[in-house]
Amino acid sequence: MGLSDVERRRADALAELGYVALAFDVHGGSYLGDPEEMLARCMPLLDDPDRMRGIGHAALDVLRAEPRTDPDRIAAVGDGTGGAIVLELGRDGVDLRAIGTVNALTTGRPGEAARIRYPVWVGVGSDDPIMPPAQREALTAEMQTAGVDWRLVVYGGALHAFHHPPVDHPAVPSVGYHPLHAQRAWRDVVDLLTECLPVTE
């Protein structure tokens, strides 16, 4: 939907763990609270891997310009459209330490996942009709064929965007917050970072 206090709080939580964290803005300052407006922007974006990569590289440029950032020790985490963007960065051959996504089971162009040479963690709700089992299978087949170190966690009974607290405007159908699984998914992301990008002094 856009950059809100939810994403800012997540960046703050990562900073409290000792990371330099950037919450990047996919929509150029807009917050798309209307579901139809959000879908009208996001669906064409998800069909345009080069545009997603451009957005991701712009965010990386900002992060790398921060003096406290170690440009050789970067991981990318994204939810929904943001998750699709970080997967495209991996397929584009960006040198990262790890990728973590929630609700972003997007597949790429044939063979490009072979450029991903670090762990990929993916989380999804079992009852997410936007990311159904066929999409899970397509993504995992892509990762497996490419020889990627991948993990998929399916959270039982969770809908799409189960990790995102309720919003005060209409939401896309089949979206629903699951507080317990949201906590579990966050812990899984932190575990991924701890394994692949341990905080140093």
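Let me start in a loop: threonine 69 sits between α3 and β1, the latter being residues 76-79. Helices here are DSSP runs of H or I with at least four residues, strands are runs of E with at least two, and both are numbered from the N terminus.

Some background first. This is a predicted model, where local features need pLDDT of at least 70, side-chain atom pairs count only at pLDDT 80 or more, and totals for chains, interfaces and linings use all residues. Residues are numbered from 1 along each chain as its sequence is written, and side-chain values use heavy atoms, with hydrogens and water left out.

Back to threonine 69. Is it buried or exposed? Threonine 69 counts as buried, because its relative accessibility is 12%; buried means under 20% relative accessible area, exposed over 50%, and partly exposed in between, with a 1.4 Å probe and protein chains only. The side chain of threonine 69 reaches the backbone oxygen of leucine 63 at 2.8 Å. Leaving out residues up to four places away in sequence, threonine 69 touches Val20, Leu63, Arg64 and Ile74, where contact means heavy atoms within 4.5 Å.

Next, the helices. The axes of α3, residues 49-65, and α4, residues 81-91, come within 8 Å and cross at roughly 90°. Axes are lines fitted to C-alpha atoms, for helices over the stretch in contact, and angles run from 0 to 180 degrees between N-to-C directions. The two helices, α3 and α4, are therefore roughly perpendicular, a term for angles of 65 to 115 degrees. On the α3 side, the contact includes Pro49, Met52 and Leu60; on the α4 side, Ala84, Ile85 and Leu89 are among them.

Now the sheet. Four strands form an open sheet in the order β1-β2-β3-β4, with parallel pairing; two strands pair if DSSP finds at least two bridges between them. Because β1 and β4 (150-155) each have a single partner strand, they stand at the edges, with one side left without a neighbour in the sheet.

β1 and β2, residues 99-102, pair in the parallel sense over four bridges, and valine 77 stands opposite glycine 100 in β2. The covered face of β1 has Ala76 and Gly78, and the uncovered one Val77 and Asp79.

Finally, helix α6, residues 179-196, lies across β1, β2, β3 (120-125) and β4, running at about 165° to β4.

Key. Parallel < 35°, antiparallel > 145°, perpendicular 65-115°, else oblique. Polar contact = N/O pair within 3.5 Å; in protein donor to acceptor, adjacent residues only side chain to side chain.
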